[in-house]
Amino acid sequence: MITLVGAGAVGITLASYLAAAGRPLRLYVRAKDRAAFEQAGRLRLERPRGAALEAPLPTLTERLLDADTRYLLIATKFGALDGVIDALGTPPPGLSLVSTLNGVRALPRLGERLPQTPALALTIMFNAQHLGPLHAQLTTKPAVILADGDEQLRSLLEGSGLAVGRSRGEEACWGKLLINLANAIGALTQSTFRDLLSEPDLRRIFAAVLEEAVDRIEAANIAYKLPMPLPHAAYRQLLLRGGPLTWWLARLKNGLDDGAYPSMVSDVRAGRATEVRQLNGEIVALGERLSWPAPLNARLVELVEALELSSPARLSPDELRRQLGL
Ligand SMILES: NC(=O)C1=CN([C@@H]2O[C@H](COP(=O)(O)OP(=O)(O)OC[C@H]3O[C@@H](n4cnc5c(N)ncnc54)[C@H](OP(=O)(O)O)[C@@H]3O)[C@@H](O)[C@H]2O)C=CC1
Ligand SMILES: CC(C)(CO)C(=O)C(=O)O
């Protein structure tokens, strides 16, 4: 049995595929959400091309762990993770924790707080927005990458309509983190992926922020796998000189919708805390450990954190480039 905690954009997307395929799934619900979930009566996922996916409402549970829970699938934001761990108490033997969180902090956090319980990463390669109770919008192909090591979980995910890739250890999480460095650029300029990958100033900013991060990750000998069929040097050239080609390739590979935007754009619009510390901040922390600062990523963290404290003001791509000294 899988229990899913976090019925937001990612959680509803995963739950819709799993429930529609008849996989054993329970949905954790807090008292504040029960009436709205029951009223929704089913899961509904709008999809970029093709019909919406409707799936039966999984059993709702107010316990994170039931006697038969084998996997706890965590789809909250990082800021809510400690609260979930606190509510877990002492997990029984046989339970595995599965983190869908962006960044690379969730697994070490789970390992520190729950050292006896195995935790593995399910890297989310799709993009989705939360539309309402048990209702989300998918704006890409429904792809995920599961770290090697749990074939039972893999068999529950495969065949559900989700495309399930493989990763050795955490190399997919680090590769995905590199892509997520653009979330802050999107949040500050309120840009779509199409803008981020076709507007010249935004492409230049992303190329510089990515290069700063790749240099530090390689200097620290961290294994990473970019989720694209190109090595970083070639992708950088594409960003700098490929014109709209970068956008067209991303569109072809990921099935991105024209209007899709990074999840941090929604966070800023909704006035929620962002995960910028777990994304660009991770590169800043790595730079500190290496005594090789990462000033572009540090400035992005500062700018996004300033946004969190004030009402969102959109920077133009040119203003952001100048603010970063590029
Ligand atoms: N959206 C996307 O396209 C992608 C997101 N990700 C990552 O996936 C993770 C989840 O993101 P996303 O789905 O967008 O976030 P959302 O904010 O849409 O969803 C998180 C959900 O978790 C709920 N939640 C928080 N605390 C608890 C709790 N203690 N118990 C039960 N539910 C809880 C929230 O409810 P409430 O707000 O009512 O507290 C909210 O519905 C993040 O790390 C994100 O970076 C990764 C790839 C793509
Ligand atoms: C990969 C990307 C950028 C899109 O899903 C994402 O992880 C996010 O929006 O947070």
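Helices (H or I, at least four residues) and strands (E, at least two) are DSSP runs, numbered from the N terminus. Keep that handy for the tour. What you have open is a predicted model, where local features need pLDDT of at least 70, side-chain atom pairs count only at pLDDT 80 or more, and totals for chains, interfaces and linings use all residues. Residues are numbered from 1 along each chain as its sequence is written, while chains are lettered from A and ligands numbered from 1 in the order in which they are written.

Stop 1: Select residues 172-308. UniProt, in an unreviewed entry, places "domain: Ketopantoate reductase C-terminal" here; its positions are given in the numbering used here, feature names are shortened, and annotations may be inferred rather than shown by experiment. This stretch is 70% helix and 0% strand, with its end C-alpha atoms 28 Å apart.

Stop 2: Now pick residues 2-148, which the unreviewed UniProt entry labels "domain: Ketopantoate reductase N-terminal". Here you get 26% helix and 33% strand, and the end C-alpha atoms sit 18 Å apart.

**Stop 3: ligand 2.** Select Asn102, Phe126, Asn127, Ile179, Asn180, Asn183, Pro262 and Ser263, which surround ligand 2. Helix H6 (residues 171-189) gives the most to this shell, 3 residues. Which domains does the shell draw on? At least three residues come from each of domain 1 (2-167) and domain 2 (171-323), with bounds from an automatic or database domain assignment.

**Stop 4: zoom out.** Show the whole protein: 14 helices and 12 strands. Its C-alpha atoms fill a box of roughly 55 × 40 × 40 Å, taken along the principal axes. Of the 326 residues, 43% count as buried, meaning that 20 or more other C-beta atoms, placed from the backbone, lie within 10 Å of the residue's own. Finally, look at contacts (C-beta atoms, placed from the backbone, within 7 Å): among those between residues at least 6 apart in sequence, 69% join residues at least 24 apart.

Note on methods: Buried ≥ 20, exposed ≤ 12 C-beta atoms within 10 Å, placed from the backbone. Contact = placed C-beta atoms within 7 Å. Near = placed C-beta within 6 Å.
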